[in-house]
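The exercises below ask you to work from an annotation to its structural setting, and each is followed by a worked solution. Please try each task before reading on.

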Amino acid sequence: MTELLTAAQMRVIEQAAIDSGEVTGLELMERAGRGVVEAIFEEWPELAEEHHGLTPDLATDWGPTPEPLEAFNAEPRPLRAVVLCGPGNNGGDGFVVARVLKERGWAVEVFLYGNAEKLPPDARVNYERWSGLGGICHPWLSTIYDNDGDLRGKLFSADLTIDAVFGTGLSRDLGSVHADVWSAFDLDTGAICRLVAVDVPSGVCSDSGETLDIDCRATGVDEGLFAFQAELTVTFHRAKLGHHIAVGPALCGKVVVKDIGLPRVPAAPGICRAIGEPLAPWLRKSSTGHKFANGHALILTGGFGKTGAARLSARGALRVGAGLVTLGVPPSAQMEMASHITAPMMTRVEGAEGLKAVLEDVRLNALCLGPGMGQERARELVPVALAAKRATVLDADALSAFSDEPEALFAQLHEQCVLTPHGGEFVRLFPDIAAKLNEVPTKGPAYSKVDATREAAKRAGCVVLFKGPDTVIADPKGRCSVNSAHYDRAAPWLATAGSGDVLAGFITGLLARGFAPMQAAETAAWLHVECALEFGPGLIAEDLPEQLPAVFRKLGV
Ligand SMILES: NC(=O)C1=CN([C@@H]2O[C@H](COP(=O)(O)OP(=O)(O)OC[C@H]3O[C@@H](n4cnc5c(N)ncnc54)[C@H](OP(=O)(O)O)[C@@H]3O)[C@@H](O)[C@H]2O)[C@@H](O)CC1
Ligand SMILES: [K+]
């Protein structure tokens, strides 16, 4: 697992390194800028070649695109970059990028949003260094209003554009910038060729992955209009939370993390992690153990015609390695269930008393309630299940059943529980937290899905897994992780009916095997995405458990 940092955590790490005398801020800025150029050349090796000239033209430096015949006979022209710098250290990184490219023979135009006199010290030094190279730094605003430097024309004819306007210091809404830049230019930044964001696309809050100010959800307007839509984002030391949650991934394009020589991130409970590949030995079964050594899961089903969801969970629990899985079925559904199942077992669970009797078997060490269960049955059975103090997953109807009185549910939960709400269920259980999360943010750092999940876990007193392509998992002590299904792990086919039931089954199966709740939730979430990737397009929920053998084989389990 790697850390996903907030802006404040990154600043602490950077400051500690500077205070220790190991490195100066200026050196870090130099490494950051050079790291950006390195990442660009790795992404587009053709830009790193000595003989430039993607489209030769007759202009000495920066001019109109020539007629085809003239172009054919012409000498190659230098490659062109536009570097947009902001008023802070993100802008400072931009000046370094400009200088490094210029030294390699590029034609570079730099635009500054802000006042050069007020740049922070390291950015100011790099501004001077850039100016010393003979570069003109166009003042951004006068360029726009006087139509002097023709930023728009340059942006659309550049081979590369660097967005170094705002990074981790985005502190407020983009109102003025939006008015000045996006509106004035009517600019769709997605149309700009090779737009590379330094650290984070400007307009995206690096802690929350939200764009500030503009209410995209209410207006239905594409978020990309209010933050730069990058093709490549180059960040430093570790990825930031905003690269993986909310709309951040959609705006970052691809994220590359460059080492700038900072020390390892110290272990601290406040630091969130990206869930990575689980270790094979965790998932391996002992060659000497019998089936009860891997636990016995009980999955409660709904009534007649409503048993499919629980069967999906059962299949997931079995495939992930639970020794035995029993479906707890009401009398009305016994025949239906009997005609469907093979490996899972079935037992009759009529009501609260029925469940109490079944739970006298202490070998039933993991319970799952919710999938297809029906809210009435959930209201009756959840209290009995929770009173038994076994590892318990509450999903779907087991969560919605308590919309009117979430506090009553929280009073019964214990630390062996895992709640797995999707967005709608989260709103029902934690309406005030969801309201904060859904408020349109105007100030950075904005309240994030990580903040919301942490707060929910603390209130519930157990692990909360808040689903989505950016699944966030937190425990009551503040431990938190993100299972990102973005970038090379994008799994859009996972948004299909029954997929959540399988996830609940994976968690239940791992709990039955003795995994701790947080570890079970994290491992299950990771496997769930991996199964979707293994199957690919056309996936339906039934396919998910069937991919586990191949996924396990690849992990070396
Ligand atoms: N930390 C590290 O280890 C390293 C960090 N590095 C780099 O530094 C970057 C962080 O630098 P940073 O802290 O100076 O913040 P940055 O994003 O440049 O902006 C701050 C300026 O913007 C202004 N401003 C904000 N929002 C605004 C708005 N909406 N509209 C208008 N103005 C707005 C804000 O004004 P203020 O809030 O102070 O009034 C302030 O003037 C980081 O992303 C990385 O690229 C690397 O060099 C090396 C290692
Ligand atoms: K940026």
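**Exercise 1.** Determine where the residues of the annotated "binding site" lie.

Solution. The unreviewed UniProt entry places this feature at Lys467, Gly468, Pro469, Asp470, Thr471 and Gly500, in the numbering used here, with a shortened feature name and with the caveat that annotations may be inferred rather than shown by experiment. Although these residues span 34 residues in sequence, no two of their C-alpha atoms are more than 14.0 Å apart, so they gather at one spot.

The model is predicted, so local features need pLDDT of at least 70 and side-chain atom pairs count only at pLDDT 80 or more, whereas totals for chains, interfaces and linings use all residues. Residues are numbered from 1 along each chain as its sequence is written, while chains are lettered from A and ligands numbered from 1 in the order in which they are written.

**Exercise 2.** Decide whether Asp470 is buried or exposed, and describe its surroundings.

Solution. First, Asp470 lies in strand S17, strands being DSSP runs of E with at least two residues, numbered from the N terminus. Next, Asp470 has 22 other C-beta atoms within 10 Å and is therefore buried (20 or more is buried, 12 or fewer exposed, and anything in between partly exposed, with C-beta atoms placed from the backbone). Finally, leaving out residues up to four places away in sequence, Asp470 is in contact (C-beta atoms, placed from the backbone, within 7 Å) with His244, Ile245, Ala246, Lys449, Val482 and Ser484.

Note on methods
Helices (H or I, at least four residues) and strands (E, at least two) are DSSP runs, numbered from the N terminus. Two residues are in contact if their C-beta atoms, placed from the backbone, lie within 7 Å.
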